[in-house]
There are 2 protein chains.
Amino acid sequence: MENKGNFGQPASAPTARERPTLKTIAFMTGLGVTTVSRALKDAPDIGAETKERVRMVARQLGYQPNRAGVRLRTGKTNVIALVLSIDEEIMGFSSQMVFGISEVLSGTPYHIVITPHSHSKDPMQPVRYILDTGSADGVIISRIEPDDPRVRLLTERGMPFATHGRTDAGLTHPFHDFDNEAFAHQAVEKLVKRGRRRIALLQPPSKLTYYAHIRIGFQTGLHDYGAEEVPLRVNTDAPLADIRDIVEVMMRSANAPDGIVCSAGSAAIAVNAGIEAAGKALGRDLDMVSKQSVPILNWIRPEIITAQEDVRQAGREMAKAVIARIDGVEPELLQSVSQPTWPESGR
Amino acid sequence: MENKGNFGQPASAPTARERPTLKTIAFMTGLGVTTVSRALKDAPDIGAETKERVRMVARQLGYQPNRAGVRLRTGKTNVIALVLSIDEEIMGFSSQMVFGISEVLSGTPYHIVITPHSHSKDPMQPVRYILDTGSADGVIISRIEPDDPRVRLLTERGMPFATHGRTDAGLTHPFHDFDNEAFAHQAVEKLVKRGRRRIALLQPPSKLTYYAHIRIGFQTGLHDYGAEEVPLRVNTDAPLADIRDIVEVMMRSANAPDGIVCSAGSAAIAVNAGIEAAGKALGRDLDMVSKQSVPILNWIRPEIITAQEDVRQAGREMAKAVIARIDGVEPELLQSVSQPTWPESGR
DNA sequence: CATTTCTACTGTATCGTTACAGATTGCGTG
DNA sequence: CACGCAATCTGTAACGATACAGTAGAAATG
């Protein structure tokens with residue numbers, strides 16, 4: 001856990017095994033530390049030949065700037081903080097996002113730090129921590145609400161960030177979102193095309209922005225294709241056991257739906273269990289459409305009609321967006337919405 | 001007597017909105033920066049009353065030490081690096097581990113940095129990076145091999161670390177592992193108790209240490225309970241489609257097994273699909289036992305006999321182990337193995 | 001020829017923290 | 001009364017990088 005050995009003496013001895021610093025390069029090239037620093041960042045007041053020499057030596061030594069030095073002097077942390085809700089998921093949702101993000105960051109000096117929190121507790125806490133300690137250059141958050149206080153705070157403090165999901169309160173900020181409205185609309189279409197007309201919706205919690213997107217897509221779908229809604233009093237955040245039980249009751253009732261639209265892959269598993277518990281069969285008594293972020297549902301029941309939400313891609317988009325924002329690109333230009341894809345059933 | 005003392009430097013202006021530093025506290029208490037620093041770390045040469053005062057002011061200001069300052073001066077990064085293989089998982093395996101780790105780290109100054117890599121590429125690369133740049137105080141790695149080169153390198157360089165899985169080459173190091181031998185043994189027992197005698201094993205890739213653990217548990221199980229193995233030529237790392245197809249072929253063949261032991265939850269889903277594709281039914285024609293890290297299998301088929309591997313707990317254990325190791329605790333004392341738990345089926 | 005203007009480099013101070021080597025004061029001792 | 005010794009507290013110099021204000025030398029200008 002310690003690293004120096006270089007005491008006392010003036011200029012600098014190469015000290016073979018130590019990690020190279022600007023001083024090492026300066027010593028080897030016979031230049032000043034400042035020159036080396038500026039040469040490596042391609043400053044205009046350094047001679048071309050000198051730059052070349054410095055770069056060669058730096059490469060040769062495997063020089064990597066000391067992050068603490070840079071951070072202390074410039075305030076640049078080279079860190080992107082990913083704020084995750086630990087009760088957010090059962091499936092590999094956030095892993096995929098992490099991997100997408102790191103794909104993009106791997107070509108940059110940025111590191112990714114995970115800042116978890118329980119969304120039952122204060123969701124502002126991690127954001128405040130990051131702002132107060134200046135521990136990141138950029139932030140990625142999810143589970144966005146229409147007037148999300150985190151978005152407000154981050155904007156107000158000028159911290160670059162990207163969100164997974166949109167807001168709806170006149171704030172302009174980078175985001176990536178899945179087109180949940182299109183998904184819900186298309187889901188209804190698929191069901192109606194299979195002759196289903198009485199459709200239930202397992203929707204997200206109403207405080208999240210995409211609740212409205214799902215609702216609108218669903219309702220215009222019902223209208224456009226001439227179907228009606230069978231109410232379902234539970235949302236995707238409920239414990240799987242609750243979802244199962246409520247779906248079972250619904251499926252046993254007189255006005256059971258003949259179609260279900262499900263807004264989350266993990267919940268779909270519970271819905272399926274509820275359907276089976278009621279003695280109904282997908283494809284025969286009813287059809288189900290679900291979105292999923294990991295291709296798993298068709299392994300469980302090939303009959304489930306699935307739309308893919310590419311969360312890894314979302315991670316990539318958001319990582320690119322935050323970095324662009326850090327580099328001063330206007331937020332308007334850093335917004336994207338991805339369309340649902342409907343893989344041909346099969347496996 | 002002539003103490004001209006401080007000339008030039010007027011200690012420091014409070015500058016209300018700035019982030020407080022030691023200097024701020026020094027200014028407010030009228031003490032020197034050094035004194036404040038030492039007071040906050042409860043050094044023995046600082047008066048009790050002074051410490052109290054410093055602590056009060058620090059708390060009042062919401063002082064948090066600047067990580068870059070500490071890191072630059074001491075070399076301590078306060079970072080734990082989690083090295084993850086991005087193709088490691090489909091399910092929420094690594095998320096659960098991340099959350100377990102952060103539970104423990106949340107009470108400490110440590111941050112968690114995710115360092116991903118593709119295990120098809122060079123698995124040493126992230127470890128080398130961390131060592132070369134000194135970017136973490138401790139490392140957590142998984143997918144351990146019997147003579148894992150990463151374990152060798154980390155040990156050699158004196159970097160504190162913990163592994164998810166054991167090695168088998170005379171190296172002593174902190175680890176947390178799931179008792180795969182016990183799992184496989186008990187799995188065979190469960191199957192035989194249900195009257196199954198011809199058992200197939202879906203095993204992990206042979207290069208990983210726990211391959212041997214699974215094999216031994218399985219084989220002693222076969223021996224102890226009087227069953228025989230039906231060979232299955234595929235491992236848990238194979239694409240799910242391959243697993244499904246191979247299982248289907250096996251289940252259609254003349255000597256189809258009447259029991260299957262499966263070493264990974266995601267693979268079990270594919271195995272189940274293969275079984276169903278062959279027209280066989282769990283509980284009737286055969287039984288399956290699988291381990292899982294996320295309670296999902298019984299939602300798919302209640303008949304699957306599942307053992308729970310608590311990956312979140314593993315994350316907690318490893319985080320505690322790395323920190324203890326950083327604090328100088330002997331590696332021998334930082335090893336733990338968790339037992340499979342067999343939740344009563346149902347949900 | 002003196003002066004300005006470039007070009008190419010360099011020294012110093014600084015970010016926040018801590019290791020280290022002093023200071024200062026009070027007080028008990030011989 | 002000088003001395004030693006605790007008990008407290010403090011200034012300085014790093015750690016590695018960069019912003020800023022120079023400087024030296026050569027070339028262009030008047």
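**Entry 1. Core**

I began at B:Ile243, which touches B:Leu202, B:Val234, B:Asn235, B:Thr236, B:Ala238, B:Ala267, B:Ala270 and B:Val271, leaving aside residues up to four places away in sequence. Contact here means heavy atoms within 4.5 Å.

I then looked up the largest nonpolar core, which has 62 residues; A:Ile243 and B:Ile243 touch the most other members. By nonpolar core I mean a set of buried Ala, Val, Leu, Ile, Met, Phe, Trp, Tyr and Cys residues joined through side-chain atoms within 4.5 Å. Buried stands for under 20% relative accessible area, exposed for over 50%, and partly exposed for values in between (1.4 Å probe, protein chains only). A second, separate core has 49 residues, including B:Leu84, B:Ile112, B:Ile140 and B:Ala324.

**Entry 2. Basis and confidence**

I note that this is a predicted model, in which local features need pLDDT of at least 70 and side-chain atom pairs count only at pLDDT 80 or more, while totals for chains, interfaces and linings use all residues. Residues are numbered from 1 along each chain as its sequence is written, chains are lettered from A and ligands numbered from 1 in the order in which they are written, and side-chain values use heavy atoms, with hydrogens and water left out.

The pLDDT, the predictor's confidence in each residue from 0 to 100, averages 92 in chain A, where 93% of the residues score at least 70. Over residues 1–15 of chain A pLDDT stays under 50, and the model has 16 contacts beyond four places in sequence for them.

**Entry 3. Cysteines**

I found zero disulfides over all chains, taking a disulfide as a pair of cysteine sulfur atoms within 2.5 Å. A:Cys262 is buried at a relative accessible area of 0%, and B:Cys262 is likewise buried at 0%.

**Entry 4. Symmetry and interface**

I laid chain B on chain A with an RMSD of 0.0 Å, by a turn of 180 degrees and a shift of 0.0 Å along the axis. This is the relation of a two-fold axis. In chain B, the C-alpha of B:Gly92 is nearest the axis, at 1.8 Å. Superposition was by least squares on the C-alpha atoms of residues with pLDDT of at least 70 in both copies.

How many residues of chain B are in contact with chain A? I recorded 50, facing 47 residues of chain A. Of the interface residues of chain B, 88% are also interface residues in chain A, so the copies meet through the same surface. The two chains bury about 4000 Å² between them, 64% of it on carbon and sulfur atoms; buried area is the accessible area (1.4 Å probe) that two parts lose on being put together, summed over both.

I counted two salt bridges between chain B and chain A, each a side-chain nitrogen of Lys or Arg within 4 Å of a carboxyl oxygen of Asp or Glu. B:Arg301 forms one with A:Glu276, with the closest N and O atoms 3.4 Å apart.
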